[in-house]
Amino acid sequence: MSANASAPTVGILGGGQLARMMALAGLPLGLHFRVIDPHADACAAGLAPLRVAGFDDVAALAQFADGLAVATFDFENVPAASIEALATRVPVHPGSAALATAQDRLVEKTCFNRLGIPTPGFAAVDDRAGLDAALAELGAPAILKTRRFGYDGKGQFRLRSTADADAAWAALGAQADTVGLILEAFVPFQRELSVVAVRGRDGDFRCWPPTRNWHVDGVLSLSLAPARVAPEIEKQAIGYARALAEHLDYVGVFALELFEVDGRLLANEMAPRVHNSGHWTIEGAETSQFENHLRAVLGWPLGSTAARGMSCMLNFLGDMPDARALLAVPGAHWHDYGKPARAGRKIGHATLRADDAAPLADALEQAGKALGREAQVAPAISCLRAG
Ligand code: AMP
């Protein structure tokens, strides 16, 4: 398919649910899509032609680039070298500098601190003695993480005390020479927040209202937006996101994950792509993160990021409940990614949207009962009822 001004083709590296939701948002804009992914069953293939190839297959990437208006990705662990090779043929957004920063927790946290964005205490761990030194510096509890290729709580070991050092090393030590390790102070946060933001090719920066998130076993379970945070916290969160976007000359959507602890924010990590904590924007914002990402990478004007009332998104991991049970609840929206069920795998989500906190809490109560997921929605209901 050839690209032309009226019907540009967007190439996406990675064909998972994020690519699929990008295509769903882009089809009404008249866009065409192509995806490249190592897996033949990638779920975006239902909406866009899929090329099955590794992200390090430079010849396949060169063919893939042919006729694209722009390339982007739904997966941040694409090798930065592949992005650089692709960028010689077609514009790629976000660029390799942002990707390289976000791919390594040590580089990322160092970058945050240089920009005046506070983080939990951290130290590089290169060997077993380095773990003892980092523990002596940061104290316990702490979390040992892989620097690269960790996601959704994978590649992490929590140390309750220094006595857990041997167990932590047994779990992750073998990866010190391959993906590197970092020790982080454990933050007894009151809340987890994220800011999903977008920056256009012309530098136009916009931010959706901050989102409050709840994780279970390191994986996002529930998001509530707009988060009910103090105005100075919101201002600080948005200021950090803007500083990061401008420093990286970022183009597209990204998420900045933050811990709120004792009235201040500490940055955990950034995701250089559309993000699970921004799924509520599909129904809950004037323009969704997926649409604005496409507008940004194409150099088109960005849409408003204003919230439409309040929204709560719940993730489905492992198996999909019955859609019909939920669809009877006012303001309910269903998203089935069309992925085969597998334990722990993100295979869909639902968003509940209402004009205000009280009706959203009522809808969540109904949804919890309808799906048999009362425990999953309970934290958002308490937050909404607390005012
Ligand atoms: P991550 O993969 O770094 O996003 O971590 C997944 C989840 O683990 C986070 O969303 C937090 O719930 C928790 N977590 C990660 N790092 C820390 C930390 N330094 N202190 C407390 N909790 C953390």
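In the predicted model, an oxygen atom of the ligand lies 2.9 Å from an N or O atom in the side chain of Q156. A nitrogen atom of the ligand is 2.8 Å from a backbone N or O atom of V187, and an oxygen atom of the ligand is 2.8 Å from a polar side-chain atom of E269. The ligand taken alone exposes 470 Å², of which the protein buries 97%.

The shell around the ligand comprises 18 residues, among which K145, Q156, V187, E192 and E269 come nearest. By class, 6 of the shell residues are nonpolar, 5 are polar and 7 are charged. Domain 2 (121-185) and domain 3 (191-385) each supply at least three residues to the shell.

With regard to overall architecture, the protein chain contains 13 helices and 17 strands. The chain is divided into domain 1 (9-92), domain 2 (121-185) and domain 3 (191-385). The centres of domain 1 and domain 2, taken over C-alpha atoms, are separated by 34 Å. Along the principal axes, the C-alpha atoms of the protein chain fill a box of roughly 60 × 50 × 40 Å. The radius of gyration of the protein chain is 21 Å, which agrees with the value near 21 Å that a compact globule of 387 residues would have. Of these 387 residues, 55% are buried.

Helix α5 spans residues 105-114, and its buried residues include R105, L106, E108, K109, C111 and F112. In an α-helix, residues three or four places apart point the same way, because there are 3.6 residues a turn. The N-terminal end of α5 is capped by D104, a side-chain oxygen of which lies 2.8 Å from the backbone nitrogen of L106. After α5 comes G116, with a positive phi near 80°.

Two further buried positions were examined. S82 belongs to helix α3 (residues 80-87) and counts as buried because its relative accessible area is 4%, under the 20% cut-off. Although S82 and D57 are 25 residues apart in sequence, their C-alpha atoms are 8.0 Å apart in space. D164 is placed in the loop between β7 and α7 (165-172). With a relative accessible area of 15%, D164 is likewise buried, and the side chain of D164 reaches the backbone nitrogen of R160 at 2.7 Å.

H93 and P94 are joined by a cis peptide bond with omega of about -5°, and P94 lies in the loop between α3 and α4 (96-103). The peptide bond from A140 to P141 is also cis, with omega near 0°; P141 is located in the loop between α6 (128-138) and β6.

Positive phi values are also found at two aspartates. In D249, a residue other than glycine, phi is near 50°. D249 lies in the loop between α8 (231-247) and β13 and counts as exposed, at 54% relative accessibility. D262, which is not a glycine either, has a positive phi of about 50°. The position of D262 is in the loop between β13 and β14, and at 65% relative accessibility D262 counts as exposed.

Conventions
Residues numbered from 1 in each chain as written. Predicted model: local features only at pLDDT ≥ 70, side-chain atom pairs only at ≥ 80, totals over all residues. Heavy atoms only, no water. Near = heavy atom within 4 Å. Polar contact = N/O pair within 3.5 Å; in protein donor to acceptor, adjacent residues only side chain to side chain. Areas by Shrake-Rupley, 256 points an atom, 1.4 Å probe, with all protein chains shown as cover. Nonpolar A, V, L, I, M, F, W, Y, C, P; charged D, E, K, R; others polar. Domains from an automatic or database assignment. Helix = DSSP H or I, 4+ residues; strand = E, 2+ residues; numbered from the N terminus. Rg over C-alpha atoms; globule rule 2.2 N^0.38 Å. Buried < 20%, exposed > 50% of the residue type's maximum accessible area, 1.4 Å probe, protein only.
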